[in-house]
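Please read the points below with the model open beside you. They go from single residues to the whole chain and back again.

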Amino acid sequence: MAALGIAMGAGSWFSALVLGVTLLKCLLIPTYHSTDFEVHRNWLAITHSLPVSQWYYEATSEWTLDYPPFFAWFEYALSHVAKHFDQEMLNVHNLNYASSKTLLFQRFSVIITDALFVYAVHECCKCIDGKKAGKELTEKPKFILSVLLLWNFGLLIVDHIHFQYNGFLFGLMLLSIARVFQKRHMEGAFLFAVLLHFKHIYLYVAPAYGIYLLRCYCFTANKPDGSIRWNSFSFVRLISLGLIVFLVSALSLGPFLALPSIFCLWFKPQGSRGFLRCLILCALSSFMFGWHVHEKAILLAILPMSLLSVGKAGDASIFLILTTTGHYSLFPLLFTAPELPIKILLMLLFTIYSISSLKTLFRKEKPLFNWMETFYLLGLGPLEVFCEFVFPFTSWKLKYSFIPLLLTSVYCAVGITYAWFKLYVSVLTDPPVGKTKRQ
C-alpha cells in the first residue's frame with residue numbers, strides 16, 4: 001500500500017499499479033496452461049512457415065487458424081521474434097511442442113502486448129469525471145477504475161494462466177471506447193473496425209457502435225427536446241465512416257484486395273478476358289501481401305498474364321514489365337556461385353525474346369514502353385552488376401550483408417506494384433464487352 005500513497009499529481013500511482021500487476025503476471029508464468037497455448041504456438045508456426053494462401057487451409061494440427069486476418073498477421077509478427085527463442089516451435093509438424101523457451105516466449109508475448117491494454121486504461125481514465133473524487137487516493141474514481149481494469153481477475157486468469165491474448169484485444173476495444181467518449185468518433189470507428197478483423201466475437205457489440213455513430217455523428221444537431229433534427233444528416237460523415245470500414249477491411253483481407261476487379265467482373269463484364277484479368281489481379285494482390293513468405297507465387301500472375309500479352313499492346317506492355325521484374329525478383333533464390341551464369345543467361349534469353357517478339361507482334365501500334373518504363377527496366381542491369389560483382393568486394397559485405405537483397409526487393413516491388421496498378425486501371429476503365437462489340 002505504500003506505493004499507492006505516492007503523489008497522485010505525478011501519476012506515479014498508475015505506474016505502481018502497472019508495475020505490480022506486471023510482476024504478478026511474471027509470477028504466473030510457470031502455472032498451468034490450457035490447449036490454447038498449443039493453439040497459438042501452432043498459429044505461430046503456420047504464419048511463419050507457410051505462404052499466406054495456405055494459412056487458413058493448413059490442417060496438420062486440429063487447431064487450425066480460425067481468427068480473422070489481422071490476428072494472423074499479429075501471429076506472423078510474433079513469429080519473427082519467436083525464432084530467436086526456439087526455432088522448433090515454428091515447425092508445423094511439432095505438435096504439442098512446449099519447450100521451456102517456448103513457454104517463456106509465449107507467456108512474455110502476452111505480458112508485453114498488454115502494453116496496449118495499459119495505455120487504453122490510461123486513456124479511459126481521462127474520460128472519468130473527477131468531481132466525485134474523495135480526499136484519499138483510494139477513493140478517487142480514476143484510481144478505482146484503474147484497479148478494476150488492470151487487476152481484473154477474469155482477465156488475469158484467462159490470459160496469464162489459461163493463456164490467450166485478450167488483454168491486447170480489449171485494449172483496442174477500450175481505446176476505441178475512449179475515443180468515442182472524447183468525441184473522436186472517426187478514431188473510435190477505425191479502432192473498432194480494426195478490432196473486428198482481429199477477433200470476430202466483437203461483432204456482438206457492433207450494433208451499439210453502428211447506432212451510436214449514426215445517431216451522434218452522422219446527425220449533427222438535435223431539437224431543443226433532444227430528439228433528432230432530421231435535416232442535419234451529413235452524408236459526408238456517413239461516407240467517411242463507411243470508407244474507414246472499407247479500407248480497414250481491404251487491408252485485413254489483403255489476399256482479396258482485388259474486390260473492385262471482381263465488382264467489374266459482375267457489373268461490367270468483359271468476357272473471358274475480363275475473367276482472366278480478374279484472376280491475375282487476385283493472384284497479384286495476394287502476392288503483394290505475402291511477398292517474402294512465398295516469393296515464387298509471382299508465377300501465379302506471370303503465367304496467366306502471358307495469355308493476355310498476345311492480345312493487346314497495353315496488356316503486352318504490362319506483361320513485359322511484370323515478367324521482367326518478377327523474374328528478376330527470384331534471383332536471390334539461387335544464391336550460389338555455380339548458378340549465377342545460368343540464371344543470368346536464361347533470363348536474358350527469355351527477356352530478349354519476349355520483348356522482341358511482342359514488339360514485332362504490335363509493331364503497327366505505339367511503342368510498348370515509355371521512356372520512364374524503359375529507364376526502369378534498364379536499371380535492372382546496373383543493379384545486378386552491383387549486387388553480384390561490386391558489393392561482394394566492398395567493406396560492407398560482412399556488416400551489411402542484407403543490402404543486395406534489400407535493393408533487389410525494393411527495386412522489384414516498384415515494378416510489380418506499377419504493373420498491378422496499370423492492370424487495375426485497364427480493368428476499371430475498359431468498356432464492357434457488349435459496348436466494345438457495338439463500336
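Is Lys 343 buried or exposed? Lys 343 counts as buried, at 8% relative accessibility. Here buried means under 20% relative accessible area, exposed means over 50%, and partly exposed lies in between (1.4 Å probe, protein chains only).

1. Basis of the note. This is a predicted model, in which local features need pLDDT of at least 70 and side-chain atom pairs count only at pLDDT 80 or more, while totals for chains, interfaces and linings use all residues. Residues are numbered from 1 along each chain as its sequence is written, and side-chain values use heavy atoms, with hydrogens and water left out.

2. Overall make-up. The protein chain has 20 helices and 0 strands. Both are DSSP runs numbered from the N terminus: helices are H or I with at least four residues, strands are E with at least two. Of the 439 residues in the protein chain, 44% are buried. The accessible surface comes to about 23,800 Å², and carbon and sulfur atoms account for 71% of that surface. The areas come from the Shrake-Rupley method with a 1.4 Å probe; for residues, only the protein chains shown count as cover.

3. Contacts along the chain. A contact means heavy atoms within 4.5 Å. Among contacts between residues at least 6 apart in sequence, 71% join residues at least 24 apart.

4. Nonpolar cores. A nonpolar core is a set of buried Ala, Val, Leu, Ile, Met, Phe, Trp, Tyr and Cys residues joined through side-chain atoms within 4.5 Å. The largest one has 57 residues, and the members that touch the most others are Trp 55, Phe 71, Leu 150 and Phe 198. Helix H8 supplies the largest share of this core, 8 residues. Another core, of 38 residues, lies apart from it and includes Leu 330, Leu 368, Tyr 376 and Ala 419. As background, nonpolar side chains in soluble globular proteins tend to be buried together.

5. Phe 71 in detail. Leaving out residues up to four places away in sequence, Phe 71 touches His 40, Trp 43, Tyr 165, Leu 169, His 197 and Phe 198.

6. Helix H15 (residues 313-328) has 16 residues and reaches 23 Å from its first C-alpha to its last, close to the expected 22 Å. The expected span is 1.5 Å times one less than the number of residues. In H15, 15 of the 16 residues are buried.

7. The structure holds 9 salt bridges, each a side-chain nitrogen of Lys or Arg within 4 Å of a carboxyl oxygen of Asp or Glu. One of them joins Glu 38 and Arg 41 (2.9 Å, N to O). Both residues lie in helix H2 (residues 36-49), 3 residues apart, about one turn of the helix. Glu 38 is buried at 6% relative accessible area, and Arg 41 is buried at 0%. In general, an α-helix has 3.6 residues a turn, so residues three or four places apart point the same way.

8. Elsewhere, Glu 388 pairs with Lys 343, with the closest N and O atoms 3.4 Å apart. Glu 388 is in helix H18 and Lys 343 in helix H16 (residues 340-361), so the pair ties together parts that are 45 residues apart in sequence. Glu 388 is partly exposed, with a relative accessible area of 27%.

9. Loops to check. Asn 96, in the loop between helix H3 (69-82) and helix H4 (100-113), has a positive phi, near 60°. Asn 96 is exposed, at 59% relative accessible area. Lys 183 has a phi near 65° and lies in the loop between helix H8 (166-181) and helix H9 (185-196). Lys 183 is exposed as well, at 58%. Ser 401, exposed at 53%, touches Phe 391 and Trp 396, not counting residues up to four places away in sequence.

10. Cysteines. How many disulfides are there? The count comes to 0, taking a disulfide as a pair of cysteine sulfur atoms within 2.5 Å. Cys 218 is buried at 1% relative accessibility, whereas Cys 26 is partly exposed at 30%.
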